[in-house]
Amino acid sequence: MMINNNNTTLEMCISNVTYDKLFHISSSIWYVFGFIGVLFGIPGHILQIIISFNKASRKEPTSLYFIAMSVVETVFLLGLFWLWCVKMSLIKTDPREILSCGIFYSIMVGSTALSHLYLASLSIDRSIIILDPTRYRLIVTQFHVISRILLITLIIILLSIPHHFYLHYEPRITLFLCDFNLSLYHRKVRIWSFIHAILLVGIPSLIVCISSAILLHNRCKHKRMYKNNLSANARRMHRHSILLFIYSLGLFLSILPGCILEIFIVHDRLFYHNMHCSIQWKIYRILLNCFLILSSITYSNKFYIHLTISTTFRNDFIQLITCKSNQKSTKSIKLNETNNNEQYLLSPLNQTKTIDI
């Protein structure tokens, strides 16, 4: 409905009972899960960083990935918590008005992109130990891991710089994190949405799924070869490989739809400038609440997944919370396990490689 009054145009949205009810339900669920994600996610990431920095873990190159992922996902959850506080009227000032929408968008979207790329790089390293275990120690070193983390971070920072110049926040019409200037060249905005969805989310998540499938295939092959003589450790690793594959598939299916939705929103905002009262626009608002729920869960559970899958990490966690200082005994146990694993991996009789997840 359009009302003209003294050369001023005011657009009023006609209320829809069904939409209002669905939007209220999705918003209520988002308020609950957004708080739960922050409540469990940030302490989990802090514990992940502390454990990864201990004397035994920080020597492992893969621990650097866990530290980097915990840092960027903590940043994301803090930004999400700020938005949650604004929605709940606990804080009046929106972060997009303080930092500028371009900077806030870069922080939120950049942190998630970094998390996906770090996880994909970690998954590639895990696949190397299965496919080429003899060269693993030469390929995956602390220097190489640090170099990759810095390179990935630099690329994302460079890609995020333009956002500061063409994104803004308008409370009445902004649907996604930010809105963009309609005077901007349309192709640039559309290209970025595809880059984000395909290169920064889709492909890294797919790499994680493929790596998990390689690990699961390795464990299934080992189970078939030693069906009647499987140790308890081998059975445990097989179960964990299944869990890791299911998690990676769930990660892919939960994150990619949100990026596809962003592409549709960008397209509609470019070609239908005044559509925020349409049914399609209202459906977008409900779907965005759903994907915010998935995001709050996805970026807060890696510590708990790691705690479930890795025996070594679980022992380090127990040692941390019980304040025990059995560093020598723990270190000797880890060295023995590492030596046993390496001997098994390098054995010429073993045609299938194993890895402690």
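1. Start with a salt bridge: the side chains of Lys302 and Glu73 meet at 2.7 Å, N to O. The term covers a side-chain nitrogen of Lys or Arg within 4 Å of a carboxyl oxygen of Asp or Glu. Lys302 lies in helix α11 (residues 302-309) and Glu73 in helix α2, so the pair ties together parts that are 229 residues apart in sequence. The whole structure holds 5 salt bridges. Helices here are DSSP runs (H or I, at least four residues), numbered from the N terminus.

2. A word on the source. This is a predicted model, where local features need pLDDT of at least 70 and side-chain atom pairs count only at pLDDT 80 or more, while totals for chains, interfaces and linings use all residues. Residues are numbered from 1 along each chain as its sequence is written, and side-chain values use heavy atoms, with hydrogens and water left out.

3. Now α2 and α4. Helix α2 spans residues 62-87 and helix α4 spans residues 101-131. They pack at about 155°, with axes 9 Å apart. Axes are lines fitted to C-alpha atoms over the stretch in contact, and angles run from 0 to 180 degrees between N-to-C directions. The two helices are therefore roughly antiparallel (over 145 degrees; under 35 counts as roughly parallel). Their contact residues divide into 16 nonpolar, 6 polar and 3 charged. Asp, Glu, Lys and Arg count as charged; Ala, Val, Leu, Ile, Met, Phe, Trp, Tyr, Cys and Pro as nonpolar; the others, Gly among them, as polar.

4. Next, α1 against α2. Their axes come within 8 Å and cross at roughly 150°. That makes α1 roughly antiparallel to α2. The contact residues divide into 14 nonpolar, 9 polar and 2 charged.

5. How do α1 and α10 pack? The angle is about 20°, and the axes are 9 Å apart. So α1 is roughly parallel to α10. Helix α10 covers residues 279-298.

6. Finally, look at the surface. A nonpolar patch there has about 910 Å² of accessible area together. Its residues include Leu22, Val32, Phe40, Ile297 and Tyr304. Patch residues have over 30% relative accessible area and no salt bridge, with nonpolar side chains joined within 5 Å. Areas come from the Shrake-Rupley method with a 1.4 Å probe. Which helix gives the most to the nonpolar patch? Helix α1 (residues 17-52) does, with 9 residues. Val32 sits in this helix α1.

Terms used:
Angles under 35 degrees count as roughly parallel, over 145 as roughly antiparallel, 65 to 115 as roughly perpendicular and the rest as oblique. Patches are made of residues with over 30% relative accessible area and no salt bridge: like charges are joined within 9 Å, nonpolar side chains (Val, Leu, Ile, Met, Phe, Trp, Tyr) within 5 Å.
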